[in-house]
Amino acid sequence: MSVVWNFPLFTVVFSLFSGVLCMMLSPRAARNYTIAYESVLIVMVGCVLRCTYVTGEAFTYPMGEFPAPWGNEIRAGTLEALIAFLFLVIMLCSIIGGYHFLRQDIDESKQNLYFTLLNLMTAALMAITWTNDVFTGYVFLEILTLTSCGVLIVREIGRTTLAAVRYMILNLLGSGLFLLGLVLLYDISGHLLMVPMRESLAQLAEDPAAIPAISLSVGILTIGLGIKSGMFPFHFWMPDTYGWATPTSASVLSSLVSKAYVFLLFKIYIRAIGLEVLQKTPLLHLLMAVGILGMIIGSVSALRASTINQMVAFSSAAQVGYIYMGIGLGTAAGFAAAMFQILAHALTKSLLFLTTPYLAEVSGDSLKFSALQGSGHRDHLAGVYFTIGALSMIGIPIFAGFSAKLMFSQAAVLSSRPSRTTMVLLVMSALAVSSLLNGVYFVRTLIRIYSGQDEDSGKDAKGKGRSRYGYVGAGLVLIAGNIFLGLFSWMIADLIYQGLWMFT
Amino acid sequence: MIQTLFEHYEEMAAVILFAIGFSTLLFHRNLIKKLIGMNIMDTGTFLLLASMGYIRGRKAPIIENGVQDVSAYVNPVPAGLVLTGIVVSVSVTAIMLSLTVRLYRRYHTLDLDEIYILSKHEKEDR
């Protein structure tokens with residue numbers, strides 16, 4: 001057994017240990033420690049990614065005394081390693097890039113506790129990524145919910161507490177449905193480990209009478225995770241949650257937490273239920289419908305937003321719609337496009353959420369569009385970062401957003417499912433309308449932040465003159481990742497396809 | 001149909017409890033009642049799990065008098081899942097109660113709609 005095989009478990013255990021340790025450290029030490037250990041985790045997961053890619057094989061790590069199908073397992077393949085790597089890089093960039101505001105927004109005595117929450121969140125993210133057991137997925141999903149709520153309320157203003165309560169209520173509804181769906185699936189299949197569950201469901205699905213029960217269980221589970229990830233029509237909590245959180249929290253909530261829920265659903269669909277069984281249920285068509293509606297309605301809501309963070313949050317709802325549309329295609333190409341969209345959106349959204357507060361800072365601390373007039377001139381770097389993020393979201397070539405949309409179009413065209421023509425028409429129309437709407441609200445924002453003169457010296461930032469090396473570096477890493485995904489999308493697509501192949 | 005429902009009365013009770021809890025959590029405006037709804041919803045799921053693991057005529061999975069035959073005992077996994085679920089539910093309730101206390105101290109009401117209206121009038125930066 002290679003030493004690398006232990007790394008996935010280490011990422012979970014180290015993060016849990018670091019969470020406890022940070023409670024005892026000073027804020028500065030907790031921050032430095034978190035940055036150092038996240039960097040170590042990135043190296044570890046990089047090794048796992050390399051190992052699985054080179055050998056072309058996933059490995060399973062049994063946990064505890066009992067072997068499968070009774071015991072618990074961790075499983076690492078290319079796709080899990082790729083997602084874990086992305087999560088860790090974005091977590092690190094969010095901590096470094098948002099530290100300037102973190103010091104402003106959080107009482108100094110509580111800053112170390114914030115890092116405790118981030119470390120526990122990392123543990124939950126890693127466990128959800130690696131686990132091969134659906135109930136373990138549920139337990140860490142709840143840990144993720146609790147830590148998400150924690151990083152939200154740590155900014156002690158009334159709006160964040162209210163946003164946290166609404167976020168928690170929706171998440172609890174989602175968790176309840178997820179647990180119910182999971183229990184029903186366990187009842188039907190008799191297993192909690194993903195592969196034995198898939199084999200059992202495949203046998204059961206040969207009898208058409210079993211399809212309604214499977215559809216109901218998977219449907220309840222899907223709605224549960226859909227609510228948690230912001231799937232239309234359950235996306236209305238997003239603007240308050242992302243809009244009032246401290247930038248690091250907004251970045252991790254939009255880029256990591258919502259994506260972890262989608263990735264868990266993705267794993268359950270392919271590894272625990274299986275594509276053949278899924279295609280016998282009406283769920284894929286429903287997912288496609290809500291995905292397309294989310295793309296359009298999320299974009300229309302973004303058009304009507306009054307603050308820049310609300311706009312970026314509603315745009316997230318639209319982007320989550322893309323992911324569900326890709327899953328709804330029900331083909332390997334559709335799943336690969338959805339995975340690519342997870343990567344592209346996570347990199348872009350974290351950049352945007354780390355940048356908007358800098359634009360607000362030079363605009364009288366207001367995120368309202370009216371106040372942001374000319375902010376791109378007052379803070380050139382934030383203006384450039386926002387522009388790059390916006391261009392990627394619109395889908396301009398060389399950026400990740402373009403490659404994601406291209407992969408969705410290809411997936412629709414290459415689909416061999418019975419209603420292919422209708423599907424191609426629907427997907428192409430939805431992509432066209434959504435891209436147009438993206439273009440309208442992002443270009444309108446760009447015009448606004450670059451129009452007007454740099455004459456309003458009264459809007460100078462409180463934090464101007466402070467070192468911004470962290471933000472500059474984090475932004476550069478996120479932009480480099482974005483452009484890499486845009487220019488070398490074939491390389492990432494290759495990794496995703498290999499990971500999908502290992503999944504089945 | 002009716003007979004089938006009566007035969008599975010534990011599952012029926014679980015589904016009814018889940019529906020009551022879910023609707024209370026979703027539609028009630030009072031934060032404490034929402035929390036009670038959440039706990040009822042979780043209880044429904046736990047009852048479903050417990051009823052799933054129970055087999056009439058079998059004993060708890062603790063080896064007695066050296067009997068090692070699995071057909072003598074009920075499945076222990078659902079009971080383990082219920083215990084884990086209860087721990088999760090208690091943690092979530094504690095967090096939600098602390099948030100409720102914080103909101104009550106600030107707005108002096110537990111009505112979520114009222115809190116929302118009051119918070120909209122607050123002037124807060126960024």
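I take a residue as buried if 20 or more other C-beta atoms lie within 10 Å of its own, as exposed if 12 or fewer do, and as partly exposed in between, with C-beta atoms placed from the backbone. By that rule I find 19 of the 20 residues of α3(A) buried, so the helix is mostly covered.

Ground rules. I am working on a predicted model, in which local features need pLDDT of at least 70, side-chain atom pairs count only at pLDDT 80 or more, and totals for chains, interfaces and linings use all residues. Residues are numbered from 1 along each chain as its sequence is written, and chains are lettered from A and ligands numbered from 1 in the order in which they are written.

Chain A, confidence. I looked up pLDDT (the predictor's confidence in each residue, from 0 to 100). The average for chain A is 91, and 97% of the residues score at least 70. Helices here are DSSP runs of H or I, at least four residues, and strands are runs of E, at least two, numbered from the N terminus. In chain A, helix α3 (residues 78–97) has the highest confidence, at 96, and helix α10 (residues 238–244) the lowest, at a mean of 87.

Chain A, residue Ser489(A). I located Ser489(A) in helix α21 (residues 489–503) of chain A. Why is Ser489(A) counted as buried? Because Ser489(A) has 20 C-beta neighbours inside 10 Å. I call two residues in contact if their C-beta atoms, placed from the backbone, lie within 7 Å. Apart from neighbours within four places in sequence, Ser489(A) is in contact with Phe340(A) and Ser403(A).

Chain A, Leu343(A). Setting aside residues up to four places away in sequence, I find Leu343(A) touching Leu86(A), Leu485(A) and Ile492(A).

Chain B. I count 5 helices and 0 strands in chain B. I note that 26% of the 126 residues of chain B count as buried. The C-alpha trace spans about 70 × 40 × 25 Å along the principal axes of chain B.

Interface. I find 31 residues of chain B in contact with 26 residues of chain A. On the side of chain B that touches chain A, the elements giving two or more residues are α2 (9–27), α3 (31–53), α4 (77–107) and α5 (112–120) of chain B. Of these, α4(B) gives the most, with 12 residues. I class Ala, Val, Leu, Ile, Met, Phe, Trp, Tyr, Cys and Pro as nonpolar, Asp, Glu, Lys and Arg as charged, and the others, Gly among them, as polar. That side of chain B then divides into 18 nonpolar, 5 polar and 8 charged residues.
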